[in-house]
Amino acid sequence: MTDSSKVEIKEVYLNGQGNTFLKRFPMCFFVGTVALAAVSCIAFTAGFSSETIFAGFKLFIGDLSQYIGIYGPVLGVLLFSVFFIIHYFGWISFGDFDIRAKRYIVVFVVLLTFSLVLRPHNSSHEQSIFNTFLNPPAIANEYKTVWYWVYVAVRYFGIAATLCALISIILYVLRYKNSDTEANGKRCASLCRASKDIFSGCCLRLSFIKNALSRFSVLSIVKLFSLIVICWVPWMIFLWPANIAADTVAQLMWVKSGKVWDPSSHEMLPGYAMSDHHPWLDTVIYGFFDSFGTNLLGSEAWGLWILAVLQTVGVAAAFAIIINYFTGVLKLDWKFGVLFLLFICFTPIFARTAMVVVKDATALPFFLLFMLLIVEYVRRLRQDLPVKIWLVIALIVLFVICAEMRKISLEIFAATFLVLALFLKRRVRSIAVAVIPVILLSVISSVAFPALHIASGGRQETVGVFFQQTMYTAVNHEESLSSNDRAIINAVNTCSTSDLVDIFALQDAKREINSDDALKDRCFNRDASSKDVVNFMALWIKLGVRHPLSYLHAVPWLKDPFTMGAFYDEGWYVRGGWEDMGTDKVILPQYHSDFTSAEKSKPQEYGSVIYAFLAHMPGVSFFMSEATYVVWIPVISLMICLWKKKYQNLVFYTPWVLTIMTLLLLLAHQTRYTWTLAFGAIMIIAIPFIELNGGKNLAEASTVKE
């Protein structure tokens, strides 16, 4: 933009007429266009299964979400894009007409839309699946509640707005179809200029945030943090008092009751205070906040809710630091920072999942900061800047914390720094960051386990997928096993062939293997020696070469994170799991749960239907889907990086590639196992745009103190 445009936004001209609305309110136009596209998506896809759904808000929204999401996340985002383009250029074109033409268009659209929205009488009130969307049936008067009229109003407004925009585009084209080529070119240029001026105007309106993004400082971080937290407050309320699944329920039960069991074998562990089957540090944290709420606040619910809020606030702070770092230190364009901020603030998965009390969420703030420090570490190595001792210490400390809170972090982080040692300078420091935390973790375990009476977890979790594939292959290809192969298998397996056939559902063509839990929990020999396990892994390699397809059939859930289907949602309930151990009587007993269902709190009842509606809504659903963050964003980022020939930036993908590789070791499919990829999306997206070459000026511009 020119200097004069900073004082007053340029006036948009279409065929010589100044459009003062675009001049004065470019942000309103853009946000309004997004809103109209969303309403149009709902209007053209919304149906309902029964007239009874209009009896209440929760029934209405819950049923509606199933219809608007029928096209799936990818087609949904394409549908949203089409409507956005129609509204964007349609309303620019509409502004070009005189008042008389505008009136004709509006009257024409009003009449047409009534014929699409109002339904003929239908005495049976039945509907066919084929007329669900554009021709929903009439309903009985008793169900014409406020929600029915909301439904009708949204459909009417969405269809009318779309028709108005579409007709405006058509008339704009027809109006000038007989003009000479030069005139057409000018008018086409005027539309492009209008779009450019809208974008410039939006940037100018957002310039108040530019200062916060362009300089890396505590004040800038506080500003960004405050914006994120304000946007996330509704989800903090919706998740009251807690969202606790089976793993955390077990950890809380151990602390509260002293009743400790092995979650894998279900055997009691007398004399122990907890099991390292789930990270012991998380167990201590959860127990502290539960006790804090119960004993000091007089409410267990408040203690657990404060824990969830602190997790969420920690994630918000980490995001604020990351965004400010990329724009203030790496000098990405501040518009990237705005996009990242909007993405974090308004994509529901971040605030919703951060409020879940589970180890994967508790570790997220530390994980995000560690991944950011990896970027800073690589930047310093690439630009020949000194790697100060504070950075090494911070990496080691965060490495240890993350590994104690989420076990798979140990392998990912250690492997990352070994790769960095292989490809970058100062190999000794990289190796030190990979090795020292492993030694510290061993020392901490040797002290903490006896002091806190922690029972060690079993090996079955580590070798679960290998065990599943080998045993499945052994049952289906028993004739190919030698006597030595059988001896190796018998050393680690305690189940009979008939047990394995039942576990693998080989006699029921309608069943499919759902997870590795049944096999590892029932059949892995916990008394197997290290030598037995080593021999077993050698056999796993041998059988894998012989029967690769059998290995794929044994673990069908491993493809789930890579396919567009699941969206991020851990289930809406207060507490669920381990009712056979009496957890429903000890942890938040005012909320019922059993083996089939778990009760929601009042806020959760409303939060669940709103979240489900957004998860199915075209345009939004794509950014709430697991495969978007596991496949789409990493692949798109990598392709951009290669296209821009930023080969030196490929090293930044190392921890993310290793994270994706660990998904091939999952014992079951749960979306929380890929939270790290979703929460790290903005860092993955930014990789192709990091400038490291010619880096002296960049290094001098950096505000990170040496």
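Helices (H or I, at least four residues) and strands (E, at least two) are taken here as DSSP runs, numbered from the N terminus. By this definition, the chain has 33 helices and four strands. The structure is a predicted model, in which local features need pLDDT of at least 70 and side-chain atom pairs count only at pLDDT 80 or more, whereas totals for chains, interfaces and linings use all residues. Residues are numbered from 1 along each chain as its sequence is written, and side-chain values use heavy atoms, with hydrogens and water left out.

Of the 706 residues in the chain, 52% are buried, where buried means under 20% relative accessible area, exposed over 50%, and partly exposed in between (1.4 Å probe, protein chains only). The chain exposes about 32,000 Å², and carbon and sulfur atoms supply 66% of this area, as computed by the Shrake-Rupley method with a 1.4 Å probe, where for residues only the protein chains shown count as cover. When contacts (heavy atoms within 4.5 Å) are taken between residues at least 6 apart in sequence, 79% of them join residues at least 24 apart.

Helix α21, which covers residues 464-476, has 13 residues and reaches 18 Å from its first C-alpha to its last, close to the 18 Å expected at 1.5 Å a residue; the expected span is 1.5 Å times one less than the number of residues in the helix. Twelve of the 13 residues of α21 are buried, and the helix is thus mostly covered; among them are Phe466, Phe467, Met471 and Tyr472. The buried residues of α21 pack against α22 (483-492), α23 (497-503), α24 (517-523), α25 (530-546) and α26 (548-554).

The structure holds one disulfide, a term for a pair of cysteine sulfur atoms within 2.5 Å. This link is formed by Cys495 and Cys523, with their sulfur atoms 1.9 Å apart, and it is left-handed, with -90° about the S-S bond. Because Cys495 lies in the loop between α22 and α23 while Cys523 lies in helix α24, the pair ties together parts that are 28 residues apart in sequence. Both Cys495 and Cys523 are buried. Cys402 also counts as buried because its relative accessibility is 0%, and Cys641 is buried with a relative accessible area of 0%.

In the loop between β4 (454-455) and α21 lies Gln460, which is buried, with a relative accessible area of 1%. The side chain of Gln460 makes a polar contact with the side chain of Ser264 at 3.3 Å; a polar contact is a pair of N or O atoms within 3.5 Å, of which, within protein, one must be able to donate a hydrogen and the other to accept it, and residues adjacent in sequence count only if both atoms are side-chain atoms. Not counting residues up to four places away in sequence, Gln460 touches Ser264, His277, Lys520, Phe524 and Arg526.

Helix α14 (residues 334-346) has 13 residues and reaches 18 Å between its first and last C-alpha, close to the 18 Å expected at 1.5 Å a residue. Its buried residues include Trp334, Phe340, Leu341 and Phe343. The N-terminal end of α14 is capped by Asp333, a side-chain oxygen of which lies 2.8 Å from the backbone nitrogen of Lys335.

Val392 lies in helix α18 (residues 389-405) and is buried, with a relative accessible area of 10%. Leaving aside neighbours within four places in sequence, Val392 is in contact with Val387, Arg429 and Val433. The C-alpha atoms of Val392 and Arg429, which are 37 residues apart along the chain, are separated by 7.9 Å.
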